[in-house]
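Hi,

Here is the model I promised to pass on to you.

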There are 2 protein chains.
Amino acid sequence: MIGIVIVSHSEMIAEGLKEYAEGINKNKIKIIAAGGADDGRIGTNTLKIIEAIEEIFDGNQILIMVDLGSAVLSTEMAIDMLDDEIKEKITIIDAPLIEGTITAVRMAQEIDDVDKIISKVMEVREHKKLI
Amino acid sequence: MIGIVIVSHSEMIAEGLKEYAEGINKNKIKIIAAGGADDGRIGTNTLKIIEAIEEIFDGNQILIMVDLGSAVLSTEMAIDMLDDEIKEKITIIDAPLIEGTITAVRMAQEIDDVDKIISKVMEVREHKKLI
């Protein structure tokens, strides 16, 4: 099953987004939160990201959704430290965190093709919220 | 002082984003969270949004940051029910929730001109996270 790892500076954001996403997930995708620094404060934590990836990995693709700045850096550091077998299955998605994650989970309910899901998520930044 | 209202389907996302944003706010902007349905479950709540706007309003501009779908609708319904004096000071920002809010707060540390802040926040959707 495709996995999504949510990397945010805030543990509450990551956990809240996981809850929000699980509400529309009919067991089609695995979702795990990796938010906050190791003491639960604002920040990102490479070790927490590594553990989340290893927990969710089952041989299938993993998408990593990130918020800002050091979330990307910590994720890249985490990936560097993983086994090649896992590493090659990971894609960091360059999309808005909340909007991208919800779109990925919605798409995964309908399609299994990870490249198509990623391409839909990449379109999210163009979506208008106000009509 | 300019106010920011965070409207999310998730109370945890809204509260987490407020905490994240307050971490970079040197008392230059007021931030309030209005997340989740009235029972704390996933959803949006017009009354909660009205109360947040009224609590933060001090005669200055208010920016409302939203996540997806009904967050916009509930915010528009909330604005409809407010006094004209407040209504005319409100702008719903069409930008990614986390990335837009953090950018708004960052900008507000340096500039007071709300139109310039909005214009910077509107550019956020073009920002690349991966280099």
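Across the interface of chain A and chain B there are 17 residue pairs in polar contact, both residues at pLDDT 80 or more. A polar contact here is a pair of N or O atoms within 3.5 Å; within protein, one must be able to donate a hydrogen and the other to accept it, and residues adjacent in sequence count only if both atoms are side-chain atoms. The number of salt bridges between chain A and chain B, by contrast, is zero, with a salt bridge taken as a side-chain nitrogen of Lys or Arg within 4 Å of a carboxyl oxygen of Asp or Glu.

A word on conventions. This is a predicted model, in which local features need pLDDT of at least 70, side-chain atom pairs count only at pLDDT 80 or more, and totals for chains, interfaces and linings use all residues. Residues are numbered from 1 along each chain as its sequence is written, chains are lettered from A and ligands numbered from 1 in the order in which they are written, and side-chain values use heavy atoms, with hydrogens and water left out.

Back to the interface. Chain A and chain B each bring 30 residues to the contact (heavy atoms within 4.5 Å). Together they bury about 2,900 Å², 64% of it on carbon and sulfur atoms; that is the accessible area (1.4 Å probe) that two parts lose on being put together, summed over both. In chain A, the residues that lose the most area to chain B are A:Tyr20, A:Arg125 and A:Lys129, together 24% of what that side buries.

How are the two chains arranged? A rotation of 180 degrees with 0.0 Å of shift along its axis puts chain A on chain B, at RMSD 0.0 Å (least squares on the C-alpha atoms of residues with pLDDT of at least 70 in both). The two copies are therefore related as by a two-fold rotation axis. In chain A, the C-alpha nearest that axis belongs to A:Ile13, at 2.1 Å. Because 100% of the interface residues of chain A are also interface residues in chain B, the copies meet through the same surface.

Leaving aside residues up to four places away in sequence, A:Leu82 touches A:Ile50, A:Ile53, A:Glu54, A:Lys87 and A:Ile90. A:Leu82 and A:Ile53 are 29 residues apart in sequence, and their C-alpha atoms are 8.9 Å apart in space.

Best wishes
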